Amino acid sequence: MQEVAVETFGAMAKTEKIAFILEQVRLCLDRQDYVRAQILSRKISPRVFDADTSKEKKKPKEVDNVVEAAPADIPSLLELKRIYYELMIRYYSHDDDYLEICRCYKAIYEIPPVKENPAQWIPVLRKICWYLVLSPHDPMQSSLLNSTLKDKNLSEIPNFKLLLKQLVTMEVIQWTSLWNAFMNEFENEKNLLGGSLGDKAAEDLKQRIIEHNILVVSKYYSRITVKRIAELLCLSIQEAEKHLSDMVVSKALVAKIDRPMGIVSFQVAKDSNDILNSWAMNLEKLLDLVEKSCHQIHKETMVHKAALKV
């Protein structure tokens, strides 16, 4: 069944082809053949699920742009969309790709029947929040985080709204207090949609909080001692240095550690052009200040002379 290239069959309805390929992907995931599962999943473009099924075929040449009506025993297009993203969640869970898992849950969340039923969208929105927190900091994660915070439905789960707000606020988060507040919510995910968050999720959550705190420190300090960073992160000096080094290697931030002095510098190294531009701007500001001062002196002199004539 895995070898059948069903996409080449012209007589089959498009939804029937999608259902067959999804079954192929499911079989590969059940056999833990993740490479073949990825290859098969790429035969389906996510855009096909956004096709308008209400369009009628008016001309023969438009047949390729219309999704055929599903046979009686084949799920509808929206059901196939949900099955597709649930299978992709299983695939990305194998590599702990939290951001892609979050995007899959986001796509499920946008399905109309799911979004109209609070009993369905609340568990999905919880998963979106958790996987956003577990995702490494990058532009895509930041964009999803801010868009999720603007979702009005988030007010129905205030604990998770508070969790996301803590991540966008540039303040140091105390790991122990955060874990005590959300430990029960974390454990409850095992009984909800998608099951538990994974064996590494708790460790990765702590890692993301540490990374957030390091980014906050780098925003407010240009130079700081390693000892002080360790105190702010509630870690030992060796652990703080390790996490800081990992973030520098991953290019999440720019920093240099002077180990003999025990000082961390977050200043970005400037090239000669940047230094010259900075000097030019400083000189321009200085000359502007001198010009204003001369104008004020000249003004006061004229006023004083006018007063003497009177």
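Let's start simple: how many helices and strands does the secondary structure of this protein come to? It has 13 helices and 3 strands. Keep in mind that what you're looking at is a predicted model. There are 310 residues in the protein, and buried ones make up 36% of them. If you take the contacts with a separation of 6 or more, 59% of those are between residues 24 or more positions apart.

The average pLDDT for the protein is 82, and 85% of the residues score at least 70. There's one stretch to watch, residues 53-68, where the pLDDT is below 50. Beyond near neighbours in sequence, that stretch does have 18 contacts in the model. Still, where pLDDT is low, the predicted coordinates should not be read in detail.

Okay, on to the inside. The largest nonpolar core has 61 residues, and the ones touching the most other members are Ile-18, Ile-44, Phe-49 and Ile-128. Which helix gives the most to this core? That's helix 6, residues 118-134, with 10 residues. Apart from this core there's another one, made of 18 residues, including Ile-224, Leu-233, Ala-240 and Met-247.

Leaving out residues up to four places away in sequence, Phe-49 touches Ile-18, Ile-44, Leu-77, Leu-80, Lys-81 and Tyr-84. One of those is a lysine, so let's follow it. Lys-81 lies in helix 3. Is Lys-81 buried or exposed? Its relative accessibility is 10%, so Lys-81 counts as buried.

The largest pocket has a volume of about 340 Å³. It's lined by 16 residues, and closest to its centre are Pro-46, Tyr-84, Tyr-85, Tyr-92 and Glu-100. You'll remember Tyr-84 from the contacts of Phe-49. Helix 2 (34-41), helix 3 (77-94) and helix 4 (98-109) each supply at least two residues of the lining, and helix 3 gives the most, with 6. By class, this lining has 9 nonpolar, 2 polar and 5 charged residues.

Now the second largest pocket, which holds about 270 Å³ of space. It also has a lining of 16 residues, with His-137, Gln-141, Leu-167, His-212 and Leu-215 nearest the centre. Which elements give two or more residues to that lining? They are helix 6, helix 7 (139-149), helix 8 (158-168) and helix 10 (201-220).

Last stop, one of the strands. Ser-265 sits in strand 3, residues 263-265. With a relative accessible area of 17%, Ser-265 is buried, because the cut-off for that is under 20%. Not counting residues up to four places away, Ser-265 touches Ser-222, Arg-223, Val-254, Ala-255 and Lys-256. Take Val-254 from that list: Ser-265 and Val-254 are 11 residues apart in sequence, and their C-alpha atoms are 8.6 Å apart in space.

That's the tour, so over to you for questions.

Technical notes. Residues numbered from 1 in each chain as written. Predicted model: local features only at pLDDT ≥ 70, side-chain atom pairs only at ≥ 80, totals over all residues. Heavy atoms only, no water. Core = buried A, V, L, I, M, F, W, Y, C linked by side-chain atoms within 4.5 Å. Buried < 20%, exposed > 50% of the residue type's maximum accessible area, 1.4 Å probe, protein only. Helix = DSSP H or I, 4+ residues; strand = E, 2+ residues; numbered from the N terminus. Contact = heavy atoms within 4.5 Å. pLDDT = per-residue confidence, 0-100. 1 Å grid on protein atoms, 1.4 Å probe; cavity = no way out; pocket = protein on both sides within 12 Å on 5 of 7 lines; lining within 4 Å. Points joined across faces, edges and corners; volume = space filled by probe spheres on them. Nonpolar A, V, L, I, M, F, W, Y, C, P; charged D, E, K, R; others polar.
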